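Good morning, and thank you for coming.

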Amino acid sequence: MADLLVALACGLSAAFFLLLLAGLSVYLLWRKRQTQRLYQGLIPTTPTIPQCTTPVLQTSQSSSYGSGNVPFIVPPRFKTAPHLREEKAGRQDAEEWEHHPDLHTQRGSLSVGSWFPLGSLRPDLYQLPEEPSEWSLPNGSAVRLWFALRYQEEKEQLVVSVLRAANLPARCQGNIALVKLQLLPSDERRHRQAKARRKGRHPQFNDSFVFQVSNSCVDQCSLHMSLYTVEQKKHHLLGQILIPLRHCELQETAGKVQWRDLDNECDQPLSKNGDIQVSLNYNLSLDRLTVVVLRARGLRCSSDAGVCVQVSLKIHTQVVRNKWTTVAKGNNPSFNERLTFRLLPTQLDTACLTLQLQQPVTDEPVSLGVVVIGPFMYARGRELDHWNDMVSKPQELVRQWHALGTVTTVNSMDQV
């Protein structure tokens, strides 16, 4: 008796399931028919093509479609005054390209009137955004400069695009701004110059310059850019930046917009033993501490003396690694060398950097000055701020001047 009841229940369940499938199939077919009828009602049998201001591309002179096909109609395009001006400028650029196809390959200055500074992009097609995050103004009174670099290996050319500056002092609002560019050390005696398009505190330059640099000499060169304002034919320096060139970094940042805050030496008085300018960066994912020794000034040595910088990484009281820059001559030498150290994130609070300027005249180098940059355990003031800024800004090379002290003073601070 129980087996019969189970069989009866299974049969009823199967029958109910089949009826449900049949009903669902009928409903889907009905919905499909209704959708097709509605779509056919929307398509006119004799479509009218509206008049438009631009010609429509046709594949043949005698094209026709059947009643079952869906016609494709290009809608009219209504042009506004700005679009007409952009289209006219584009036609002028195309005519200029036809008459002067080799304009962008020659050396010298290139105007962005017809050529976009980043590669070969057209300015009327690829406009820079007005106020994205990368155009943000600097804090305080710092003056910021935006630029882009691209190195063309096949032509051995470095293309430098000066884009804009921001936060100029209020007294310079009515003056013309200039940016002077030099490629050091090969181009020390002459410079290129970019002139702002209009006056104001946020001038735009949009100029590109080409420097001829061989592949073997890229890593030995540095780009020097200085911002001036012109008042009554006199040039007043607002600030400058020095960018060491590295082949691998030029490939990573090719054509990308970069910015730097200008270094204003007038706000930083010269110390007794001289100063050294250093850039720091810590990459958390690679456990890498990068030290860029840029230059020094006001050293107590003769103008033809050779000077180098010894950079030491110390953890607690033990020196882990020593590295040296190449020898540069003069009491205001430029080094522009990048040194890297491996440092774990857990060691950031117990590590410090010691930079000592040395004059290798004998077997025992003569110390010209030393500075210690690190956390609160080792440093105070500007040196402590520089270390903290490096940790808090992993995407930037934080640059700063430091006053040099004597070796005895630094050793006494370490003992304290």
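Predicted model: local features only at pLDDT ≥ 70, side-chain atom pairs only at ≥ 80, totals over all residues.

The chain has 416 residues, and 39% of them are buried. Its secondary structure amounts to five helices and 18 strands. The accessible surface is about 25,800 Å², and carbon and sulfur atoms account for 54% of that area. As for contacts between residues at least 6 apart in sequence, 65% join residues at least 24 apart.

Strand β2, residues 144-152, pairs with β3 in the antiparallel sense over nine bridges. To place that pairing on your screens, look for Trp 146, which stands opposite Arg 164 in β3.

Strand β3 itself covers residues 157-166, and ten of its ten residues are buried. It also pairs with β6, residues 204-212, again in the antiparallel sense, here over seven bridges. Within this second pairing, Val 160 has Phe 209 of β6 as its bridge partner.

The next topic is an open sheet. What is the order of its four strands? The order is β15-β11-β10-β18, and the pairing is antiparallel. Strands β15, residues 334-342, and β18, residues 398-403, stand at the edges; each has a single partner strand, so one side of each is left without a neighbour in the sheet. From one strand to the next, the twist averages 25°.

Inside the sheet, nine bridges join β10 to β11, and these strands run antiparallel. They too form a hairpin with four residues between them, and Asp 287 in the turn has a positive phi of about 55°. On its other pairing, β11, residues 288-297, meets β15 over seven bridges in the antiparallel sense.

Leu 280 stands opposite Val 291, and in β15 the bridge partner of Val 291 is Leu 339. A further pair is Val 293, which stands opposite Glu 337 in β15.

Which helix packs on this sheet? Helix α4, residues 381-392, does so, and it touches β10, β11 and β18. The direction of α4 makes about 165° with that of β18. As for burial, nine of the ten residues of β11 are buried, so this strand is largely enclosed by the rest of the structure.

I come lastly to the histidine. His 224 lies in strand β7, residues 222-231. Is His 224 buried or exposed? Its relative accessible area is 12%, and it counts as buried because the cut-off for that class is under 20%.

The side chain of His 224 makes a polar contact of 2.7 Å with the side chain of Gln 240. Setting aside neighbours within four places in sequence, the residues in contact with His 224 include Lys 180, Leu 181, Gln 182 and Leu 184. Gln 240, Ile 241 and Leu 242 are also among its contacts.

That brings me to the end of the presentation, and I thank you for your attention.

How values were computed
Residues numbered from 1 in each chain as written. Heavy atoms only, no water. Pairing = 2+ DSSP bridges. Helix = DSSP H or I, 4+ residues; strand = E, 2+ residues; numbered from the N terminus. Axes fitted to C-alpha atoms, helices over the stretch in contact; angles between N-to-C directions. Contact = heavy atoms within 4.5 Å. Buried < 20%, exposed > 50% of the residue type's maximum accessible area, 1.4 Å probe, protein only. Polar contact = N/O pair within 3.5 Å; in protein donor to acceptor, adjacent residues only side chain to side chain. Areas by Shrake-Rupley, 256 points an atom, 1.4 Å probe, with all protein chains shown as cover.
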